[in-house]
Amino acid sequence: MSQNESTIDSESESLITTDVQPDTTAESASSATTIVETEQLNVYYGDDQALDDVSIAIPENQVTALIGPSGCGKSTFLRCLNRMNDLIDIARIDGTVTLRGIDIYDDAVDPVALRRKIGMVFQKPNPFPKSIYDNVAYGLKVQGKEITDERIEEALRSAALWDEVKDQLDQSGLELSGGQQQRLCIARAIAPDPDIVLMDEPTSALDPVAASKIEDLIDELVEDYTVIIVTHNMQQAARISDQTAVFLTGGELVEYDDTTTIFENPADDRVEDYITGKFG
Amino acid sequence: MSDDAVTSDLTRSNGFTRIKESGYGGVFLACAAVTLLTTVAIIVTLLSDALVFFSEVPLTEFLLGTDWSPNPRGRGFSFGIVPLVIGTLTVTVTAAFIALPVGTLTAIYLSEYATSQVRAILKPLLEILAGVPTVVYGYFALVYVTPALQATIFPQLGTFNALSASLMIGIMTIPMVSSISEDAMSAVPDSLRQAGYGLGATKYEVSTSVVVPASLSGIISSYILAISRAIGETMIVVVAMGSQANMPPIRETLLGIPYINPGDVLFESGMTITVSMIQIAGGDLTGGTLPYDSMFALGLTLFVITLIMNVLSDLIAQRYREAY
Amino acid sequence: MAVETDTDTGFGEVSRLRGTVFEYLSLGASVVGLFALAALLIYVFVDAFGLSTASPAWLLTYFLTLVVPYIGFCLYSISDRAFTRKIALALGGGLVVTAVGFTAIETLLVSIPGLTWQIAYLFLVATPVVASVTFVASRQPLGAAGFGLVGRLVGGAALGCAVAIMFIVIDRPLWFLVYTFGVLPAGGVYAYTSRREIGWPTAQATLVGLFGLGVSTQLRQILGIYPSDGLIYLWTLAVPLAAGAAALVTLRDGSRRAVAGVAVTTLLGGGGGFVLGSSALPTGSGVIIGAATVAATAVYLVEAVDNEGRRGLLLPLLIAGGALAGAAVVQTVGIPTPEMWLTPAYLTSAPSNEAANAGLYPAVVGSIIIIAMVAVLSFVLGVGAAVFLEEYAADTGLVGRLTRLIQINIANLAAVPSVVYGLLGLGLFANLLGFGFGTAVTAALTLSLLILPITVISAQEAVRSVPDDLRQGSYAMGATRWQTVKNVVLPEAMPGMLTGTILALGRAIGETAPLIMIGAATTVFSAPAGIWSRFSAMPMQIYAWANYPQAEFRYGVVAAGVVTLLIVLLAMNGTAIIIRNRMEREH
């Protein structure tokens, strides 16, 4: 616990950023194969800057957690990875994002094709007003993949939902409880077998029991998928993630390292303040 | 997965899906473009025939002439719009005398006094007033309202008269005034009302001296829309007001100031711009004749008036939207 | 500031007099228009049904056999003692108040023309009471079941009539060929290929359909002999209707017997209509009316017989029984019946210069045909434009500017007087494009453009109300824009778009001025033979008759026409409201 009451002024901020970033990027990249990498990523919504020079390398088949106070740009960052920001007219993106070495903002890249390789789960469960079966089959359908009962079952099993819904696949997805809906959304996201699953605060709208089920699920998912999860819940990040990136206000990536390092021995004072609850 | 595979996976698909995507986008764009084309078509249609008309009849004669007789029985053509404008003004002003105060009071009641339950019942009911076909209103005016007025207050009323038609137009345009005005009044922030109450004002004082002034631009914009609707109203007038394009006698006061007695225009048959169009359409539609072209000149006049009023109302309404 | 008066409290008291007067004044203003309209409606109903000539005994008979049992049914399904007492009090008290009040006014002040206290009671007390008990009872299982069944019967019959009327203007032999060689094979191909996932089902089915269409048009030139209209209707309408009804029941977990039952009864309904059709109805029309009525009812009954309110299903019998009983009493006792103007004969006969023979049939047919075309055109255009403006348009750049222009333009179009649209129709469709003066096509195109701003705006609202997280979910799954629109946005927005379109159609069906401008006939004596022939419409006929000086026309024939038009409007708006309420209940 740091007793150091630091009010953060802009001078110290820029100092710390410059000496932290280079070594964290290097360290993470060395631990596993990098699947997604960003360099000097800047995002603007009109005149507001939402991300400020974010450079990060995210390893494959691990859980990477993005934490930080609200409005710090962590969701924006997540949405850059599957180009969901393209849907916002005023969003402007600067810098590079590579998926397995390919620049996904290259003119030749089709954002729709990109999203087919990257599943996404949202903060509020958003199943379509269709049957459970059709919800899971949605990705297969729009991506032109074959829809078989086996694949649906497999996806629902992977999302730990099969046993609860196997007799009511024709029922509307909206009739499920909130936690079940979120697991249905996870099943929907993984049914087309993406490379990466993005999760944007997937448990924040759920009760603790439902949330812990999702956490257990993430543990299992990581065997097959790379999971990048935004959370405002630091305990959750500590429990489930292998890597943790801390964003602070202004869209700045302050520190990125092994989760244990971040939580036990952060290099940056502001990260320590944030983790101990003094900030944000 | 090799890099090559990823590259080919992510590159834009050419061919069928791509064509399909832009094809659907094009279809939707075309649908939206129909609305633009409609405006263009209206303007072109009106202008092309109106220009022919104005090459025959000078604009000054059209705007200042006091005789309207497009049917060449007897004296030959005469295209002076003034009697039509007088008829239109009579109807519009009389209708406004009903719709504007009643609509404003309705809006105040709905926004300031009514409970949410009463509002939920009253608002859709009021919309019915605007939903009744206008030919039905015209029929009501002709066979029920006029005889009732003749039997009670105005025995001198003609079978076809401007008064009953105006009454019906007034009733029909009430919801137009009330719904837009009520929107404007509901948009007034509660803090303003609280400030009024804080100064010891009664509900009446808050309504009339805080809410109404604060939403004035919205109220005025609703007035303009309602008046514009009354100007363009056709069937009520056609059925109930008849089709006599009369110039009312110009009287003079003792001091020599000319005036028109309201009774001369209200109690008698008259003709509006819209009615004269209907009357000509009842006769000759094949085109190429002067009466035919005069319809388009009248239509153009009507279109320009309503367009100006609509733009004006929009500009005024924007003020209150910006304010809160 | 209000006047202050000193009292003992020391605070003084602020006079509320002006405020109270103002509140009541504004309340009065809110209802004055409604009261005026209500009074006019009462008069037109009285005239249309000739109620001023009805004897008190006649009114009493039907009141006792029809109205009282109906109210009893509603109260029974509500089964709330306090409510029942209130209703009884309203009915009884209202009777005394109306009788005394009406007589007092007539003797002391002025005589009220055309009304008696019994009629006043009917409209001022009985009608509101019936409306309120209906509203409350429709929320109870028993009442809901009963009204549901009545709704299906009436709705099915109305839909059947509308379809039958639309087929008047269609070349029935050609339709028979197109259905047999185009529609049916295309449907089969689509069903087969999409189940087996072979190729592109839509494209293949379209190809087959187009081929069938070509073959049919060729065959139509050659073939000379066709089945009778009744058989064509049975084969092309009643059979698919039965299949559709059966499929619907299957979807709702129907047993095999239920499915077969629905299919068979629907066909029987069509057959029954066929038999009836040869005697009472125009040839063939009976088939589709019968089949539609029975199909709607049967599909509903399969579910409703298991629901808790199933005794409510007897309501149609109660009503029919009441009407028959009333007629029997009137007949046996010899009570004089009023001279009604709005009768079945009025709706099925042609206009005439004699009031007693005058009918609205050609105008009704014209209205329905135009509205059907307007419905298709304005729905497609409205939805397409709304989807572009809400889903495809951008805020910035060239497209953004175009979008803003379109948006402003739509608002301005909505304010253009309808008579100007008439000029557009006249100049563009009738004269320039040569679609003809007063043809149904010209009218439909003109009216479609007239209501387009309303349909676009309401469809936009419906699209906007689709939650954004559903769109996000779809895009995140790698769906393209069109896939998202097709699979997520349109299904969710559909009820709202339908509601908006139906309300806009209500505006179109009453429009008169544009029809006059394009040269629509005020009076035609036979139903239009095709969409290119001249037609009249209900409002046109009302306009024409309103100029007749005879009292039988003014207060009889026209009143009946006005009431018909208003009932059609009410039915359309009612349908729209029911769709909207359904939608709200689902969310």
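Select chain A of this predicted model and display its surface: the accessible area comes to about 11600 Å², and carbon and sulfur atoms account for 44% of that area.

Now select residues 36–275 of chain A. An unreviewed UniProt entry annotates this span as "domain: ABC transporter". The span is 35% helix and 27% strand, and its end C-alpha atoms lie 26 Å apart.

Then show chain A together with chain C. Here 26 residues of chain A are in contact with 20 residues of chain C. The two chains bury about 1900 Å² between them, with 57% of this area on carbon and sulfur atoms.

How many salt bridges are there between chain A and chain C? The count is one. To see a salt bridge, select A:Lys124 and C:Asp469, whose side chains meet at 3.3 Å, N to O.

Finally, turn to the cysteines. Select A:Cys185: is this residue buried or exposed? A:Cys185 is buried, because its relative accessibility is 1% and buried means under 20%. For C:Cys74 the relative accessible area is 0%, so this residue is buried as well. A disulfide is a covalent bond between the sulfur atoms of two cysteines. A search of the whole structure, over all chains, finds zero disulfides.

Methods. Residues are numbered from 1 along each chain as its sequence is written. Chains are lettered from A and ligands numbered from 1 in the order in which they are written. This is a predicted model: local features need pLDDT of at least 70, side-chain atom pairs count only at pLDDT 80 or more; totals for chains, interfaces and linings use all residues. Side-chain values use heavy atoms; hydrogens and water are left out. A disulfide is a pair of cysteine sulfur atoms within 2.5 Å. Buried means under 20% relative accessible area, exposed over 50%, partly exposed in between (1.4 Å probe, protein chains only). UniProt positions are given in the numbering used here, feature names are shortened, and annotations may be inferred rather than shown by experiment. Helices (H or I, at least four residues) and strands (E, at least two) are DSSP runs, numbered from the N terminus. Accessible areas come from the Shrake-Rupley method with a 1.4 Å probe; for residues, only the protein chains shown count as cover. Contact means heavy atoms within 4.5 Å. Buried area is the accessible area (1.4 Å probe) that two parts lose on being put together, summed over both. A salt bridge is a side-chain nitrogen of Lys or Arg within 4 Å of a carboxyl oxygen of Asp or Glu.
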